[in-house]
Amino acid sequence: MSILVNKDTRLVVQGMTGSQGMFHSERMLEYGTNIVAGVTPGKGGATALEKPIYNTVREAVEQEGANTSLIYVPARFAADAIFEAADAGVEFIVCITEHIPVMDMLKVRNYIDKKGVRLLGPNCPGLITPGECKVGIIPGNIVTPGPIGVVSKSGTLTYEVVFALTYRGMGQSTCVGIGGDPINGTNFIDVLQLFEEDDQTEQIILMGEIGGNDEEKAAAYIKDHISKPVTAFIAGATAPPGRTMGHAGAIVEGDSGTAEGKNEALRAAGVKVARHPEEIVDLILG
Amino acid sequence: MNLYEYQAKRLFAEYGIPIPSGDVARTPEEAMAIAEKYDGKVVVKSQVHIGGRGKAGGVKLAKTVAEAGEHAEAIIGLDIKGHITHMVLVDQLAPGGIEKEFYLAVLIDRAEKKPMMMASAEGGMDIEQVAHDTPEKIFKVHIDPAVGFKMHQATYLASGMGLDKSLWKQFGKLTSNLYNCFVSSDASLAEINPLVITGEGELMAVDGKVSIDDSAMYRQPKLAEMADDSIAPESEQRAKEAGLSFIQLDGNIGCMVNGAGLAMTSMDIIKLFGGEPANFLDIGGGANAAKVQTALEIILSDPKVKAVLINIFGGITRGDEVAKGIVGALEKIDTDVPMILRLAGTNAKEGLEILADANLPTAETLSDAATKAIEAAKG
């Protein structure tokens, strides 16, 4: 098994005909992801990469049975795209787009919570179940199937660690990038819970970063609810306070959100904490 | 983006929140001209993007015009935790004095995924300290963004912090205005500290702090104009124009990385292995050759930089694009600073071939790259 995406995923790509949408849809098809349709308003009736393009997500759901949506739409239209996917009845929405205004995401998050739809992102690399399905931009050539579940706030940091795992012969069940925006969908706890319930996953890697308190909350959750071994790394130990480090959510304010505080909380929950990404693999090998 | 106090208060005023009369001055003469309008009874306040102005001598009360001029003289040029004062706000003292001070703010509660309004009778204090020592003195309400701020929430805050009933109506209007201001401005924080009751029994925002969401600047043209980029180092201004996320640090190993998390991690590993990073630089997703070239030029403009670590893990960013950018940039930049390059992920193979053709040194893993960069920086 795996979590969230697999062979049964029927994907619709919102913004498929844009340059990024096309580039990564091609990579996903190469990987074997079952893309059933694309959506670009005004281009309904066309085809791209031999897949039908619809004007609306609703049509893609009705005509092609899409159950998951992937969003590559530019930031100023992305919140609307998430609302559209949620209303169209897909079960799972993955939003890659970065720089969506927080005020828009507040409305989105409160809306989809009431609807009971799962969102991953925005500003995330998506997720991949090695050998089965890639939804987003995680490079397919660095993953391999296996027993380790990976959840991370950062895209390229995820690649770094997955690359190191694969390099040393350790495969992954599913790799999930939740993104580093202050308001997003699926969080660490949601993914930890899924990994705990997943038979294939034997160990979990959690990668966080400075800012907010998601990692502290994840630590508390791990202590009470996770029986599988967890190894963690927190990026940003050297970040100066008061400066946003790229991700809108990555900022140390006063004493809150520091890497040290997060590491301590994780250690107290019995999590092995690595000092740099490659050390994660050393800790797992024990 | 942070607004200066005077900008924040003018924004409040646009939404119907009472603020003191006043204006900004860049010279003591200008400050005296403003003070004259108020018979010299003013407060002169440093305009910098940092807290703790009062303790640093950046806020002074005046009783006469001459005194206001002296204060402005002392405060203009004052260094407050590395922020130089270029401007002072000269505000009329609250009419009839200040009876009582409160704290009021709207911010985004990341945990609850909702805007939150906080109020406390402990006005004028460092609210983090109050939250730490006496959390029961802070009253909070969460606001459903689809519903908006409701009057019963204002009542809860007012009664909780012990505001006199005669002021509840005024407070209800003010809080509702503050929430509108917060939402309409795409703010991540709108804080009034202190909110005062004047001697004439009116509520007034005598200090203000507003942060605007950078991602929303495209629809906030008026606020975008208020941005003061002149306070950032030149390299940071240039990076911003090029769409790069860059922060200047003090070390000697320049870093160019794609992705914020990996950029932070690259800094962390340099430090962990005994080096000092010179900067944080995230070239972002989909970085093309031109962007990479600008990034490299910005890094090399810092004379302290003795080596550059380039760590690109391709997802959206394609390895061959990055490699072309590096080779192109090095053709145009005359430098003998050693570069340590690492490429992996999307189109990494093509990228590595381009780098190999140009005889540039590469590293396979991040720790390998960091070790080599630290060695290279030692000379």
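Modeller: In what follows, a residue is buried under 20% relative accessible area, exposed over 50% and partly exposed in between, with a 1.4 Å probe and protein chains only as cover. This is a predicted model, in which local features need pLDDT of at least 70 and side-chain atom pairs count only at pLDDT 80 or more, while totals for chains, interfaces and linings use all residues. Residues are numbered from 1 along each chain as its sequence is written, chains are lettered from A and ligands numbered from 1 in the order in which they are written, and side-chain values use heavy atoms, with hydrogens and water left out.

Colleague: How many helices and strands does chain A have?

Modeller: Helices (H or I, at least four residues) and strands (E, at least two) are DSSP runs, numbered from the N terminus. Counted in that way, chain A has 9 helices and 14 strands.

Colleague: What is the radius of gyration of chain A?

Modeller: The radius is taken over C-alpha atoms, and the globule rule is 2.2 Å times the number of residues to the power 0.38. For 286 residues that rule gives 19 Å, and chain A comes close to this value, so the chain is as compact as a globular protein of that length. The C-alpha trace spans about 55 × 40 × 30 Å along its principal axes, and the radius of gyration of chain A is 18 Å.

Colleague: In chain A, what percentage of the contacts between residues at least 6 apart in sequence join residues at least 24 apart?

Modeller: A contact here means heavy atoms within 4.5 Å. Of the 286 residues of chain A, 61% count as buried. Among the contacts that you ask about, the share joining residues at least 24 apart is 73%.

Colleague: Which residues have the most contacts inside the largest nonpolar core?

Modeller: A nonpolar core is a set of buried Ala, Val, Leu, Ile, Met, Phe, Trp, Tyr and Cys residues joined through side-chain atoms within 4.5 Å. In soluble globular proteins, nonpolar side chains tend to be buried together. The largest core in this model has 95 residues, and those with the most contacts inside it are V94(A), L165(A), I205(A), L206(A) and M245(A).

Colleague: From which helix does the largest share of this core come?

Modeller: Apart from this core lies another one, of 70 residues, among them V36(A), A37(A), L167(B) and I197(B). Returning to the core of 95 residues, its largest share is 7 residues, and these come from a helix of chain B that covers residues 260-272, namely α9.

Colleague: Which residues of helix α9 of chain A are buried?

Modeller: This helix of chain A covers residues 277-285, and G286(A), whose phi is positive, near 70 degrees, follows it. One of its buried residues, I280(A), is touched by I205(A), as are residues including V161(A), L165(A) and T231(A). The buried residues of the helix are P277(A), E278(A), E279(A), I280(A), V281(A) and I284(A).

Colleague: Is S69(A) buried or exposed?

Modeller: S69(A) is found in strand β5 of chain A, which covers residues 68-71. Leaving aside neighbours within four places in sequence, S69(A) is in contact with residues that include L11(A), V12(A), F92(A) and V94(A). At a relative accessibility of 0%, S69(A) counts as buried.

Colleague: How many residues of helix α1 of chain B are buried?

Modeller: Helix α1 of chain B covers residues 5-14, and its buried residues include Y6(B), A8(B), L11(B) and F12(B). C181(B), in helix α6, is in contact with L11(B), F12(B) and Y15(B), leaving aside neighbours within four places in sequence, and C181(B) is itself buried, with a relative accessible area of 1%. Helix α1 is largely enclosed by the rest of the structure, because its buried residues number 7 of the 10.

Colleague: What is the relative accessible area of G379(B)?

Modeller: G379(B) is found in the segment after α13 (366-378) of chain B. The C-alpha atoms of G379(B) and V337(B) are 9.5 Å apart, although the two residues are 42 apart in sequence. G379(B) is exposed, and its relative accessible area is 97%.

Colleague: What percentage of the residues in chain B are buried?

Modeller: Chain B has 13 helices and 17 strands, and its C-alpha atoms fill a box of roughly 80 × 50 × 40 Å along the principal axes. Of the 379 residues in chain B, the buried ones make up 54%.
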